[in-house]
Amino acid sequence: DPHMPRWIEMLRVHDAVVDGASHREIASVLFGETRVSADWNGRSDSLRSCVRRLVRGARSMASGEYRSLLRKR
């Protein structure tokens, strides 16, 4: 399934959120500290937005949305 890498990322993000990680800490693990240092407070907020979307998706999946993904298959 082409969505599998995204779902795996969401599982990792969910684990990090449950452990109390900040969005910046999550970004550092997923994208590397070098990129986060360069882009986190840059002109674009694309990196922060990406992490927010992953967190939102992880919370949705954890609250039961994963069932709808299984039904579509």
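## Helices and overall form

The chain has four helices and zero strands, where helices (H or I, at least four residues) and strands (E, at least two) are DSSP runs numbered from the N terminus. Read from the N terminus on, the order of its elements is α-α-α-α. This is a predicted model, in which local features need pLDDT of at least 70 and side-chain atom pairs count only at pLDDT 80 or more, while totals for chains, interfaces and linings use all residues. Residues are numbered from 1 along each chain as its sequence is written, and side-chain values use heavy atoms, with hydrogens and water left out.

Along its principal axes, the C-alpha trace of the chain spans about 40 × 25 × 15 Å. Among contacts (heavy atoms within 4.5 Å) between residues at least 6 apart in sequence, 47% join residues at least 24 apart.

## The nonpolar core

Of the 73 residues in the chain, 29% are buried, a term that means under 20% relative accessible area, with exposed meaning over 50% and partly exposed in between (1.4 Å probe, protein chains only). The largest nonpolar core has 16 residues, and those with the most contacts inside it are Val-13, Ile-26, Trp-40, Val-51 and Leu-54. Helices α1 (4-18), α2 (23-31) and α4 (46-72) each supply at least two residues of this core, and α4 gives the most, with seven residues. Such a core is a set of buried Ala, Val, Leu, Ile, Met, Phe, Trp, Tyr and Cys residues joined through side-chain atoms within 4.5 Å. In soluble globular proteins, nonpolar side chains tend to be buried together.

## Helix α2 and its end

The buried residues of α2 are Ile-26, Ala-27, Ser-28 and Leu-30. When residues up to four places away in sequence are not counted, Ile-26 touches Val-13, Ala-16, Val-17, Ala-21, Val-51 and Val-55. Just after α2, Gly-32 takes a positive phi of about 95°.

## Ser-49 in helix α4

Ser-49 lies in helix α4 and is buried, with a relative accessible area of 16%. The side chain of Ser-49 makes a polar contact with the side chain of Arg-52 (2.9 Å); a polar contact is a pair of N or O atoms within 3.5 Å, and within protein one must be able to donate a hydrogen and the other to accept it, while residues adjacent in sequence count only if both atoms are side-chain atoms.
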